[in-house]
Amino acid sequence: MDHTLAVLPFLSAPLVTTPHDMVLLTLFGAGQLGLGLALFAYGAPHLPAAQTALLNALEPILGPLWVWMVIGERPSDATLIGGAVVLAALLVHTLDGLKRR
């Protein structure tokens, strides 16, 4: 609670969100976030735990890529390298699972 009080003077004025912004925030919360998590929760029991964890790791990787594609904000080199490492791990794990079948 004491941290919240410390940043209180730096917060913007309350209720400055426009109705248009509220619609976008609602769509994000219910659509992208809510639907995505519901689908992930539905599919997770049907996959091995390691693959579920790796798929879950894709969310923070794909976020900057969507921003790059839509808005044009280029991620840093470290972000791209880290994302490539996680994608490579997912690819190796998936190929290994296919080879074992």
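**Why the labels fit: helices and packing**

User: T52 lies in helix α3. What makes a stretch count as a helix here?

Analyst: Helices are DSSP runs of H or I with at least four residues, while strands are runs of E with at least two, and both are numbered from the N terminus. α3 covers residues 49-56, and T52 sits within that helix. Bear in mind that this is a predicted model: local features need pLDDT of at least 70, side-chain atom pairs count only at pLDDT 80 or more, and totals for chains, interfaces and linings use all residues. Numbering starts from 1 along each chain as its sequence is written, and side-chain values use heavy atoms, with hydrogens and water left out.

User: So what's the overall make-up of the chain?

Analyst: 5 helices and 0 strands, running α-α-α-α-α from the N terminus on.

User: Why is T52 called buried?

Analyst: Buried means under 20% relative accessible area (exposed is over 50%, partly exposed in between, with a 1.4 Å probe and protein chains only). T52 comes in at 12%, so buried it is. Leaving aside neighbours within four places in sequence, T52 is in contact (heavy atoms within 4.5 Å) with F40, A44 and L47.

User: And what makes G83 count as buried?

Analyst: Its relative accessibility is 10%, so G83 passes the test too. Across the chain's 101 residues, 7% count as buried.

User: How do you know that the span of α4 agrees with its residue count?

Analyst: The expected span is 1.5 Å times one less than the number of residues. For the 13 residues of α4 (58-70) that should give 18 Å, and the end C-alpha atoms are 18 Å apart, so the two agree. Just after α4, G72 takes a positive phi of about 95°.

User: Why are α4 and α5 called oblique?

Analyst: Axes are lines fitted to C-alpha atoms, for helices over the stretch in contact, and angles run from 0 to 180 degrees between N-to-C directions. Under 35 degrees is roughly parallel, over 145 roughly antiparallel, 65 to 115 roughly perpendicular, and the rest oblique. α4 and α5 (residues 77-100) cross at roughly 130°, their axes coming within 10 Å, and the pair is therefore oblique. Here L58, I61, P64, L65 and W68 in α4 meet T79, L80, G83, V86, L87 and L90 in α5. That contact has 9 nonpolar, 2 polar and no charged residues.

User: What makes a residue nonpolar, charged or polar?

Analyst: Ala, Val, Leu, Ile, Met, Phe, Trp, Tyr, Cys and Pro count as nonpolar; Asp, Glu, Lys and Arg as charged; the others, Gly among them, as polar.

User: How do you know that α3 is roughly antiparallel to α5?

Analyst: They pack at an angle of about 150°, with axes 10 Å apart, which makes the pair roughly antiparallel. A50, Q51, L54 and L55 of α3 touch A89, L90, H93 and T94 of α5, giving 5 nonpolar, 3 polar and no charged residues.

User: What makes a crossing left-handed?

Analyst: The near helix is turned anticlockwise from the far one by less than a right angle; clockwise makes a crossing right-handed. The α3 and α5 crossing is left-handed, and α4 with α5 is left-handed as well.

User: Why are α3 and α4 called roughly parallel?

Analyst: Their angle is about 25°, with axes 5 Å apart, so roughly parallel is the label. L54, L55 and N56 of α3 meet L58, E59 and P60 of α4: 4 nonpolar, 1 polar and 1 charged.
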